[in-house]
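Here are my notes on the model you sent over. Please read them with the structure open.

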Amino acid sequence: MPEFRLTQISDPHLARRLPMLTDNFHRVSEYIDATRPDLVINSGDLSFDGPIQRDDLDFAKTLHAALPVECRYLPGNHDIGDNPTAVGPPPAQSVTPQTVDAFISIFGEDCFRFEAAGWCFIGLNSLVMNTGLAREAEQSDWLASQLAGVNGRPLALFLHKPFYLNTPDDPELAASAIRYIPQPVRARLIEMLRSVDLRLVASGHVHQRRDYMHGHVRHVWAPSSGFIIPDRKQEVIGIKEVGLVEYRFQPDGFEVRHVRAPGQIDVDLDSLSGM
Ligand SMILES: [Fe+2]
Ligand SMILES: [Fe+2]
């Protein structure tokens with residue numbers, strides 16, 4: 001395969017009771033139907049409130065299953081609960097073995113590895129990190145074994161939460177700790193990845209589009225396909241808009257395109273309250 005075309009969507013936050021988000025997902029679906037990438041990866045927050053309302057997960061799966069191309073799924077905090085941090089308050093909804101199992105039963109494995117166009121692609125469940133759950137240790141062991149088999153290929157990593165704001169050494173702040181991979185797991189993960197040719201970290205979660213380099217690694221924050229968060233609730237870091245991200249991988253490099261599906265609307269989170 002000379003080229004591998006991958007489309008990343010993220011954070012659709014689907015629920016039957018939120019038709020504006022469903023409409024935005026349909027616009028994304030139409031765009032995917034028109035462009036027909038080789039694979040779609042959804043980097044999490046598939047559902048609006050999966051840990052409490054299982055129907056949100058089922059509804060999200062139904063809509064994704066109707067996509068005309070293969071789709072792989074990673075969990076978000078709104079699907080399985082959030083991870084604890086050293087500096088912030090405990091999450092309102094913690095990850096549990098039951099929420100992870102519910103996700104896997106509906107969407108399949110919560111992490112993956114595959115190869116295409118000379119690249120290795122790995123997806124991780126970023127919400128079990130720092131939880132102490134058996135699943136966290138299982139995934140860490142699995143990742144170590146996968147990295148041992150990369151064999152010099154460039155690596156693209158997908159996960160719900162971004163690594164950090166700008167650098168690995170960014171201090172963990174109470175107000176923003178839940179936005180990134182929590183410490184000390186972040187440092188351990190970055191250390192594990194030193195043994196491979198990591199080129200791309202693709203995440204979601206922040207609902208802001210961003211694309212920057214740190215060293216040789218390109219960090220792409222996919223926007224939500226569903227809604228934006230108002231400034232009074234979340235500072236501006238990147239671009240607040242809905243949309244998706246397209247990638248073209250070739251053995252000697254990759255390209256990134258930041259796009260919006262025709263008809264996608266910048267739904268504001270405030271307009272969803274009370275629904
Ligand atoms: Fe989200
Ligand atoms: Fe999230």
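Helices (H or I, at least four residues) and strands (E, at least two) are taken as DSSP runs and numbered from the N terminus. The model is predicted: local features need pLDDT of at least 70, side-chain atom pairs count only at pLDDT 80 or more, and totals for chains, interfaces and linings use all residues. Residues are numbered from 1 along each chain as its sequence is written, while chains are lettered from A and ligands numbered from 1 in the order in which they are written.

1. Asn-130. This residue sits in the loop between strand 5 and helix 5. Asn-130 counts as buried because it has 20 C-beta neighbours inside 10 Å. (Buried means 20 or more other C-beta atoms within 10 Å of the residue's own; exposed means 12 or fewer; partly exposed is in between; C-beta atoms are placed from the backbone.) Leaving aside neighbours within four places in sequence, Asn-130 is in contact with Asn-83, Pro-84, Thr-85, Pro-182 and Val-185. (Contact means that the two C-beta atoms, placed from the backbone, lie within 7 Å.) Pro-89 is 41 residues from Asn-130 along the chain, and their C-alpha atoms are separated by 14 Å.

2. Backbone points to check. Gln-183 and Pro-184 are joined by a cis peptide bond, with omega about 5 degrees. Pro-184 belongs to the loop between strand 6 (154–158) and helix 6 (185–193). Two residues other than glycine deserve a look as well. Asp-45 has a positive phi, near 60 degrees, and lies in the loop between strand 2 (39–42) and helix 2 (54–65). Asn-151 has a positive phi of about 55 degrees and is placed in the loop between helix 5 (134–148) and strand 6.

3. Buried or exposed: which applies to Asp-45? Asp-45 is buried, with 26 other C-beta atoms within 10 Å. Asn-151 is exposed, with 8 other C-beta atoms within 10 Å.

4. An open sheet of 6 strands has the order 4-5-6-7-9-8, and its pairing is mixed. (Two strands pair if DSSP finds at least two bridges between them.) Strand 4 (112–116) and strand 8 (210–214) are at the edges; each has a single partner strand, so one side of each lacks a neighbour in the sheet. On average, neighbouring strands of this sheet are turned by 20 degrees against each other, direction ignored. (Axes are lines fitted to C-alpha atoms, for helices over the stretch in contact; angles run from 0 to 180 degrees between N-to-C directions.)

5. Strand 4 runs antiparallel to strand 5 (residues 119–123), with 5 bridges. Phe-114 has Phe-121 in strand 5 as its bridge partner. Strand 8 and strand 9 (residues 217–221) are also antiparallel, joined by 5 bridges. Arg-210 is partnered by Trp-221 in strand 9.

6. Strand 6. Strand 5 and strand 6 run parallel, over 4 bridges. Cys-120 stands opposite Leu-155.

7. Core. The largest nonpolar core has 60 residues; among those with the most contacts inside it are Leu-14, Trp-119, Leu-155 and Phe-158. Helix 1 (residues 19–35) gives the most to this core, with 5 residues. (A nonpolar core is a set of buried Ala, Val, Leu, Ile, Met, Phe, Trp, Tyr and Cys residues joined through C-beta atoms within 7 Å.)

8. Helix packing. Helix 2 and helix 4 (residues 97–107) pack at an angle of about 25 degrees, with their axes 10 Å apart. Helix 2 is therefore roughly parallel to helix 4. (Angles under 35 degrees count as roughly parallel, over 145 as roughly antiparallel, 65 to 115 as roughly perpendicular and the rest as oblique.) Arg-54, Leu-57, Asp-58 and Lys-61 in helix 2 meet Ala-102, Phe-103, Ile-106 and Phe-107 in helix 4.
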